[in-house]
Amino acid sequence: DMQYAADQAMQAGFERIEGRPGYRHPLYSDVMAEADPTADAATTPYVQGMFIALDPFNGQVRAMIGGRDFEHSKFDRARQARRQAGSTFKTFVFAAALEGGLPASHIVADAPIVRTESDGSEWRPRNFDAEFHGDMTLREAYRRSINMVAIRLGDEEVGLETVAQTARRFGVNSPIPRVPSMPIGATDLLPMEMAEAYSTFAALGTKVRPFPILRVENAQGDTLWEPQPERVQVMDAQTARLMVSMMEDVVDGANGTGGRIRSESGLPREVPAAGKTGTTNNRTDVWFVGFTPTLQAAVWFGMDRPMQIYPNATGGADAAPVFGDFMRRVYVGDEEANGGGEPLLPIPQRWPMGDLASLEVDNRTGLLASRWCPADRRYTEYFIPGTEPTEECDDSSDGRRTPRWPW
């Protein structure tokens with residue numbers, strides 16, 4: 001039933017992308033009407049995708065889709081395709097920052113970056129909206145997926161080596177180039193690696209190895225081999241919970257890039273959800289990797305030969321709704337399913353907050369909110385004990401904005 005829910009959610013995602021304005025690739029239905037059903041194509045000309053659903057506690061793969069049509073292409077994009085991670089990789093940057101003692105209220109400037117390459121050329125990265133927004137907290141930068149903050153945080157404050165080692169510890173075994181574009185997802189990796197890495201957050205610090213095989217039996221039905229959960233504590237539980245809080249904001253916070261999980265897919269707010277969107281350069285790959293307290297899922301769409309999917313493709317618009325659709329079918333029910341529409345899993349309780357402290361802070365200075373700062377800049381932040389600000393904000397001026405691209 002869970003595999004059926006994944007199939008239905010992905011099918012709706014494929015149809016949604018093929019119906020987008022600006023989609024100029026062959027339609028799947030047209031290609032298959034002419035294709036040899038016995039052929040095994042090395043690459044396909046229509047949009048492809050993959051989906052993995054995983055139990056974050058025992059590693060069992062509950063649903064997996066490696067492509068659109070197994071008879072036409074047997075290439076498994078869930079376990080074999082190395083694709084750029086885009087902004088889903090930012091999670092390792094921000095996790096490393098929190099592990100290093102920075103609070104989620106830490107301020108980093110969203111301002112232009114210019115780097116001179118070895119050949120004398122200049123690298124001028126840009127944000128998705130081509131604007132720069134001045135000083136902001138890590139929480140806001142993660143929720144809105146701000147490139148400049150991720151680059152500064154990863155390259156200047158945390159360190160590229162620390163980010164790479166964090167990703168490696170969480171389960172990313174693909175090569176990770178130590179280059180300034182690494183914090184915003186220039187790394188090629190396997191989707192199954194991302195599923196393993198994000199289990200760290202769903203289980204509050206414990207990573208689990210995914211097992212697509214449930215068991216091996218002989219012809220008589222005797223079990224010859226059955227995988228046992230391989231769990232490793234790779235992150236402090238409090239730090240993981242703080243990171244989950246930031247990932248919840250991606251789905252539920254103001255201007256969160258994953259907001260369509262609620263608004264478009266109909267996943268009710270009673271179902272706790274968290275995760276991260278990802279979109280690569282030229283709209284070539286779109287991702288959403290996320291989880292609830294009892295189930296996680298990774299979604300990816302792209303062309304087999306990397307090229308633009310369509311001009312406005314994003315992880316938030318194209319991958320996140322598939323995640324929401326799948327989770328709605330699992331936790332709320334699906335009238336189209338063979339099981340009569342009953343939920344497949346009970347709605348879980350939210351992750352416990354543990355010993356995290358909550359304080360009102362100013363979103364432009366990261367300091368304690370006070371009557372000397374604008375009231376509309378106040379928000380509630382969570383802190384690992386010992387990282388709370390002690391100084392009050394005393395700046396009543398409005399936050400400045402830097403100009404639009406190009407500068």
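Me: What makes helix α5 count as largely enclosed by the rest of the structure?

Reply: This is a predicted model, and in it nine of the twelve residues of α5 (residues 147-158) are buried, so the helix is largely enclosed. The buried residues are N147, M148, V149, A150, I151, R152, L153, G154 and V158.

Me: Why is S370 called buried?

Reply: Buried means under 20% relative accessible area. S370 has 6% relative accessibility, so it counts as buried. You'll find S370 in the loop between β16 (357-362) and β17 (378-383).

Me: How do you know that the side chain of S370 has a polar contact with C393?

Reply: The cut-off for such a pair of N or O atoms is 3.5 Å. A polar atom of the S370 side chain lies 2.4 Å from the backbone oxygen of C393, so the pair is within that limit. Setting aside neighbours within four places in sequence, S370 touches R378, E392 and C393.

Me: What makes up the lining of the largest pocket?

Reply: The largest pocket holds about 890 Å³ of space. Of its 32 lining residues, S87, N127, F128, N147 and T279 are the closest to the centre. The lining divides into 18 polar, seven nonpolar and seven charged residues. β13 (274-279) gives the largest share, three residues, and α10 (315-331) supplies at least two.

Notes. Residues are numbered from 1 along each chain as its sequence is written. This is a predicted model: local features need pLDDT of at least 70, side-chain atom pairs count only at pLDDT 80 or more; totals for chains, interfaces and linings use all residues. Side-chain values use heavy atoms; hydrogens and water are left out. Buried means under 20% relative accessible area, exposed over 50%, partly exposed in between (1.4 Å probe, protein chains only). Helices (H or I, at least four residues) and strands (E, at least two) are DSSP runs, numbered from the N terminus. A polar contact is a pair of N or O atoms within 3.5 Å; within protein, one must be able to donate a hydrogen and the other to accept it, and residues adjacent in sequence count only if both atoms are side-chain atoms. Contact means heavy atoms within 4.5 Å. On a 1 Å grid over the protein atoms alone, a cavity is a set of points where a 1.4 Å probe fits but cannot get out, and a pocket is an open set with protein on both sides within 12 Å along at least five of seven lines; lining residues have an atom within 4 Å of a point. Grid points are joined across faces, edges and corners, and a volume is the space filled by probe spheres set on the points. Ala, Val, Leu, Ile, Met, Phe, Trp, Tyr, Cys and Pro count as nonpolar, Asp, Glu, Lys and Arg as charged, and the others, Gly among them, as polar.
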